[in-house]
Amino acid sequence: MSENAIEVSNVTVRYGRLVAVDRVAFNVPRGSVYALLGRNGAGKSSLVRCILGQREPLSGRVKLFDQDAWNQRTPLMQRVGVVSEEADAPPEMTVDQLARFCADVYARWDQKEVDDRLRRFEVEPDKRFGALSKGQKKQVLLALALAMSPDLLVLDDPTLGLDVVARKSLFEEVIAEMADRGITVFLTTHDLGGIETLADRVAIMKNGSLVLEEDLDALKARFRRIRFAAQPVALEQSPLRTALVRSWGSGAEAIVTNYDDVAFERLHSGNAEVSAMSLEDIFIAVSGEGARS
């Protein structure tokens, strides 16, 4: 049995002449939280559709739990809970009706999970889905996704449009569920602050390609911001690689992608200071305009 919940092998997706996903490959270990990041149009949604068996790649392959996601989609979806970017469900159905519908579809349905979670969310079961707030709709979809007892939870930008309190509540529910069950979580998100303490591994897509993929702790250890009081004439001769260099006044700022204390000390001439970077800082440096591959 594979140790990976998801295996993406050289996947390419094309829409006419547009290459949305270009030979992307990565693995998501079982029991981990994996975050796929990228700006709008980077190719994340196309890749998620391949992972969920909703689209067949032009080339390459996606496997879930060692089975082909496209050919085995029906049985695999019994093991995969999904919270989509748009909270989509029939607006005239009540929350309770939605739960009863799902109970007939999923073999491992746990109605008590739904009831308990809806009580915590303070969502009334007899309320129409269309009458709920955006945050409540996302909470209902999360409750339904977790009630099917999934081995894999796919969250496609689940906090989009939610306020701070709703975002925190959603992530806390995911964290608690992982602790209880050890489920695998794969998510795309623009809420980088929210996942910084949650994700084990991150990948960044840009223009359809995967430009970065590694453990979050290792990523944050090697990225640093260095600010120079004067132009860093020795930077080009340094072993430190830069993703971005910007001038400001008489000085400069460099984003270093392979920071090392020894290399910095050799470069350091008393006019530079180094600081750690958040995941959001790293994302902007890697995927923003002017960033180097």
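In this predicted model, phenylalanine 186 is buried, with a relative accessible area of 0%. Tyrosine 34 and phenylalanine 186 form a stacked aromatic pair, with 5.8 Å between the centres and 20° between the planes. This pair connects distant parts of the chain, since tyrosine 34 belongs to strand β3 (residues 33-38) and phenylalanine 186 to strand β8, 152 residues apart. Tyrosine 34 is likewise buried.

The structure holds four aromatic pairs. Another of them joins phenylalanine 26 to phenylalanine 186; the rings are stacked, 6.2 Å centre to centre and with 5° between the planes. Here too distant parts of the chain are linked: phenylalanine 26 lies in strand β2 (residues 18-29) and phenylalanine 186 in strand β8 (residues 184-188), 160 residues apart. Phenylalanine 26 has a relative accessibility of 4% and therefore counts as buried, the limit being under 20%. Phe26, Tyr34 and Phe186 make up one aromatic cluster. Elsewhere, arginine 79 lies over the face of phenylalanine 65, at 4.0 Å from the ring centre.

The largest nonpolar core has 55 residues, of which Leu142, Leu153 and Val185 touch the most other members. Helix α5 (residues 134-147) supplies the largest share of this core, eight residues. A separate core of 30 residues lies apart from it and includes Ala5, Val28, Met77 and Val154. Beyond its neighbours within four places in sequence, leucine 153 is in contact with residues including Gly81, Val82, Leu142, Ala145, Leu146, Val185 and Phe186.

In helix α5, 12 of the 14 residues are buried, so the helix is largely enclosed by the rest of the structure. Among the buried residues are Gly135, Gln136, Lys138 and Gln139, as well as Leu142 and Ala145. At 1.5 Å a residue, the 14 residues of α5 should span 20 Å, and the end C-alpha atoms are 20 Å apart, which agrees. Serine 149, which follows α5, has a positive phi, near 55°.

Isoleucine 282 is found in helix α10 (residues 279-287). At 0% relative accessibility, isoleucine 282 counts as buried. Leaving out residues up to four places away in sequence, isoleucine 282 touches Leu219, Lys220, Phe223 and Met277. Isoleucine 282 and leucine 219 are 63 residues apart in sequence, and their C-alpha atoms are 8.6 Å apart in space.

A search of the whole structure finds zero disulfides. Cysteine 50 is buried, with a relative accessible area of 2%. Cysteine 102, at 15% relative accessibility, also counts as buried.

How values were computed. Residues numbered from 1 in each chain as written. Predicted model: local features only at pLDDT ≥ 70, side-chain atom pairs only at ≥ 80, totals over all residues. Heavy atoms only, no water. Core = buried A, V, L, I, M, F, W, Y, C linked by side-chain atoms within 4.5 Å. Buried < 20%, exposed > 50% of the residue type's maximum accessible area, 1.4 Å probe, protein only. Helix = DSSP H or I, 4+ residues; strand = E, 2+ residues; numbered from the N terminus. Contact = heavy atoms within 4.5 Å. Disulfide = S-S within 2.5 Å. Expected span 1.5 Å × (residues − 1). Phe/Tyr/Trp six-rings, centres within 6.5 Å; stacked < 30°, edge-to-face > 60°. Lys NZ or Arg CZ within 6 Å of the ring centre and 35° of its normal.
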